[in-house]
Structures are given as C-alpha cells and as structure tokens.
Amino acid sequence: MAQFTLYSHGGGPNGWSVAFILKALGLSYETKYLDFAKGEQKSEEFLKLCPNGRIPALVDSANNKFCVWESKACMKYLIAKYDTDKKFGVSGIEDETLLDTWLFFQASGQGPYFGQAAHFKMFAPEKIPYGIERYAKEVQRVFSVLESVLSKQEWLVGGKLTIADLAFITWNNFGLHALLPEGVDANKEFPAVVKWHSKLLELPYVTEALKERDEVMKQ
C-alpha cells in the first residue's frame, strides 16, 4: 500500500512538482486525478482535505494521514521530514531563507502570471489583446529575473540542485514555448534559463513523471 496519496490533475502543472520530489526521494505514492469537468476539486470530500478546492493535496498515511496542500508546502514538507540527507534542501538560515524566497517567487510570480498568460492566450472565450500583452510581458519579466541569476550560477540556491529549481519546471515548459510575447526568442534572450531548464528535464525522476503525465493526458 502506498504511503502517500497525491490528489492532482493530469494537465495541472502544480501537482507534478510534488510528483518530482516524491519520485526523487523514492517515496511510494498513489495519484488520484480529479476530474475538473465534474467539479471534483470542489467536492465536499476534497474540501475536507484542501479548503481552497485546488490541486495538489498530499496525504501522508505514515504520519496519521497528515494532509498538506499548496505544491510548495508539499515539497517543503517532504524534504523536511523525509530528505534526511538534505539532497534537495539546504542548511543554515541564510540559504534556507533564499530557498523560501525562490519558492515564494515561483508561487506568487511565475505560477499566477504564467497561468493568466495561458488563460488569455489559449483558453479565454474572447481574445483580449490587453490581457494577452500584459501577461506575456510578465512571463518575459519573470524569465528576466531568473536569467539575471542563472547567468552567474548553475542553480538557484546553495550551489546545488534543490526543490527551488524543481518548482519551476512545469510552468517553464509552458512559458518558454508558448507564453512569451510574439517575436521573443527564449534561446537568444534567456540562454541561461534554457540551459538550466534542459538540465532539469534530463533528471531521471523528472523524465519519469513527465512521461507519466503524457500517458495520463492521452486517456
């Protein structure tokens, strides 16, 4: 029986960030994919786990069925409790604060802005040029912030791969290929980001999770 239950969605980027770290740490888990079309994320049963009614939520059966929601909180919980060698974490208040800074930047900057860019560009019933332009420029700005740091160092925090890096992968997949303003070439404007993202995609547990996502999306 799997230790963890991950409530997620095939096409939702945030749940896969949690899957990366579960796989990387070799933790057993079962994924329950919620059907948004049926409103399962707003069901009474799921709201008991996640009052926000959004994925992901993670239940740890080995810890009295402790439930944590919000993808970055899930990732922090997993490394705090199960990454005893600090393979994906850091030590010291300074690096821990920097790691939190990047996680908060991803959660408050990358995720929402990239999500709005995707909405206005690909899913909105009416094409609104102002919305498309505004959020495409925010995507460009977020990548500029990452480029300013990654052009000087290999990883975001502590000179090593951490959950801060893993947290950006799924939204980068959308942003680099589909969400930038027209005419902006990611390879030319953000070469360090592209190189960093390519290295992350080559990690075996990331490759495995994204292959699983592709299979789920075919169903």
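Colleague: Which residues lie nearest the centre of the largest pocket, and how many line it?
Modeller: In this predicted model, local features need pLDDT of at least 70 and side-chain atom pairs pLDDT 80 or more, while totals for chains, interfaces and linings use all residues. Residues are numbered from 1 along each chain as its sequence is written, and side-chain values use heavy atoms, without hydrogens or water. The largest pocket has 30 lining residues, and P13, N14, R54, I55 and W171 lie nearest its centre. A pocket here is an open set of 1 Å grid points that fit a 1.4 Å probe, with protein on both sides within 12 Å along at least five of seven lines, and lining residues have an atom within 4 Å of a point.

Colleague: Which elements give two or more residues to that lining?
Modeller: Those are α1 (13-24), α3 (71-82), α4 (93-123) and α7 (169-179), and α4 gives the most, with nine residues. Helices are DSSP runs of H or I with at least four residues.

Colleague: How many of the lining residues are nonpolar, polar or charged?
Modeller: The lining of the largest pocket divides into 14 nonpolar, twelve polar and four charged residues, with Gly counted as polar, and Asp, Glu, Lys and Arg as charged.

Colleague: What lines the second largest pocket?
Modeller: Its lining consists of K76, I79, A80, D83, K86, G89, V90, E96, L99 and D100, with α3 and α4 each supplying at least two of the residues. By class, that lining has four nonpolar, one polar and five charged residues.

Colleague: Switching to packing, at what angle do α4 and α7 pack?
Modeller: Their axes, which are lines fitted to C-alpha atoms over the stretch in contact, are 10 Å apart, and the angle is about 45°. α4 and α7 are therefore oblique to each other, a class that leaves out angles under 35, over 145 and from 65 to 115 degrees.

Colleague: And which residues of α4 and α7 meet?
Modeller: From α4, Q106, Q110, G111, F114, G115, A117, A118, K121 and M122 meet W171, N172, G175, A178 and L179 of α7, with contact meaning heavy atoms within 4.5 Å. The contact of α4 with α7 has seven nonpolar, six polar and one charged residues.

Colleague: How do α5 and α7 cross?
Modeller: The axes of α5 (residues 129-150) and α7 come within 11 Å and cross at roughly 120°, which makes α5 oblique to α7. A136, V139 and F143 of α5 make the contact with N172, G175, L176 and L179 of α7, and the residues of this contact divide into five nonpolar, two polar and no charged.

Definitions and conventions
Axes fitted to C-alpha atoms, helices over the stretch in contact; angles between N-to-C directions.
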